[in-house]
Amino acid sequence: MGVILMKVHNKPFRSFENQVNILKSRNLKFKDDEKAQYILSQINYYTLINGYKNIFLDKEADCERYRDKTTFEEIYALHELDRELKMVLLKHLLRFEKVIKTSCAYHFSQFYDGIYPYLQIENYSNNKYKLKNVLKNISTLSNIINNEVRHINGKKQIKHYVNRYEDIPLWVLVNCMTFGNMSYFYSSLKEDLQNEIAKDFGFRFKYNYKSYEKIGNTELIEILKLSNYFRNICAHDEVLFSFKLKKSGQTAIFRKFFTHKYKGKNLFDLILVLKLVLDKEDYRNLIESIEKIKSDFKDKFKSISIDEIFKVAGFYEQDLNNLI
């Protein structure tokens with residue numbers, strides 16, 4: 001039997017100077033070649049150029065070519081704007097994460113007691129369509145405990161509860177769970193327990209905005225899923241402003257809360273629904289922080305406008321002013 005050789009296509013090595021010259025050949029302008037090379041040595045070409053070039057490309061050109069008067073410095077500015085957006089968003093997603101962990105641990109422990117109740121399948125939804133989620137959730141929680149107990153650098157509080165009480169309360173374990181873990185955990189719960197947890201957010205929303213609309217489990221499941229996608233973007237330092245989900249979840253459930261249309265796909269949609277789960281002052285801080293980023297960077301773009309950038313993220317000029 002003959003050996004099949006696969007042809008591997010590797011792009012050749014390019015020096016930083018070569019990279020600059022390639023970009024120049026594509027109509028990209030440079031204010032300072034040396035500084036551009038330094039930036040490319042700190043942020044690799046693939047991350048910076050491939051991640052942020054699309055909005056600057058000439059859509060009428062037959063090949064990859066930048067709009068007239070587009071500068072390398074603009075691409076770098078967009079990278080920096082996106083980085084600041086990620087920092088602000090992650091800060092507020094972590095606030096939401098802390099609240100959902102607290103609420104889930106409190107109400108689950110109120111409903112169920114005994115040894116490791118969160119590892120018992122009967123304490124979760126018996127909906128056959130959720131069985132896969134339930135089993136994955138239980139397996140994940142079990143693995144978290146095993147890893148923390150066995151690993152030399154495992155959390156001391158986990159080892160303390162195992163050694164002294166042979167049990168770990170959920171309010172301790174949630175500190176080892178990721179946002180994704182919490183999303184699976186909540187989605188796996190029985191509906192009556194989900195709604196008890198959702199009531200916590202509904203109470204705060206009613207108190208903060210004098211609203212009589214109820215936040216239920218369907219809304220909270222959708223917000224958790226969307227938040228988890230964007231949290232991963234922030235945590236892995238991927239491109240945020242242009243990220244869109246390929247498939248949106250339920251959208252009609254949010255019409256009663258907002259005059260803006262919720263599409264369930266982009267950054268604006270996430271900012272919109274975070275209003276339902278963040279404290280009013282935290283949400284105001286989030287919106288004001290985004291407004292400040294927009295203001296700080298608006299003069300750094302000449303070939304495109306700051307509004308074009310935010311439009312890619314789902315924002316329109318009037319949106320930020322009307323969200324609070």
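Biologist: Why is Y116 called buried?

Modeller: Its relative accessible area is 17%, and buried means under 20%, exposed over 50% and partly exposed in between, with a 1.4 Å probe and protein chains only. Y116 is therefore buried. This is a predicted model, in which local features need pLDDT of at least 70 and side-chain atom pairs count only at pLDDT 80 or more, while totals for chains, interfaces and linings use all residues. Residues are numbered from 1 along each chain as its sequence is written, and side-chain values use heavy atoms, with hydrogens and water left out.

Biologist: Where is Y116 found, and what is its phi near?

Modeller: Y116 lies in the loop between α4 and α5 (131-150); helices here are DSSP runs of H or I with at least four residues, numbered from the N terminus. Its phi is near 45°, which is positive although Y116 is not glycine. D237 also has a positive phi without being glycine, near 55°, and sits in the loop between α10 (217-235) and α11 (267-274).

Biologist: Which of the two, C63 or C234, is buried and which is exposed?

Modeller: C63 has 55% relative accessibility, so it counts as exposed. C234 has a relative accessible area of 9%, so it is buried. The structure holds zero disulfides, a disulfide being a pair of cysteine sulfur atoms within 2.5 Å.

Biologist: What makes a set of residues a nonpolar core?

Modeller: The members are buried Ala, Val, Leu, Ile, Met, Phe, Trp, Tyr and Cys residues, joined through side-chain atoms within 4.5 Å. The largest such core here has 101 residues, and F96, Y118 and F185 touch the most other members. Helix α4 (residues 72-111) gives the most to this core, with 14 residues. Beyond its neighbours within four places in sequence, F185 is in contact (heavy atoms within 4.5 Å) with residues including C104, F108, Y118 and L170.

Biologist: How do you know that the span of α12 is close to the expected one?

Modeller: Helix α12 (residues 280-297) has 18 residues and reaches 26 Å from first C-alpha to last, close to the 26 Å expected. The expected span is 1.5 Å times one less than the number of residues.

Biologist: Which residues of α12 are buried, and why are they said to be on the same side?

Modeller: They are Y283, L286, I287, S289, I290, I293, K294 and F297. They cover an arc of only 155° around the axis, so they are on the same side of α12; the arc is that of the directions from the helix axis to the C-beta atoms. On the other side, E281 and K292 are exposed.

How values were computed: Helices (H or I, at least four residues) and strands (E, at least two) are DSSP runs, numbered from the N terminus.
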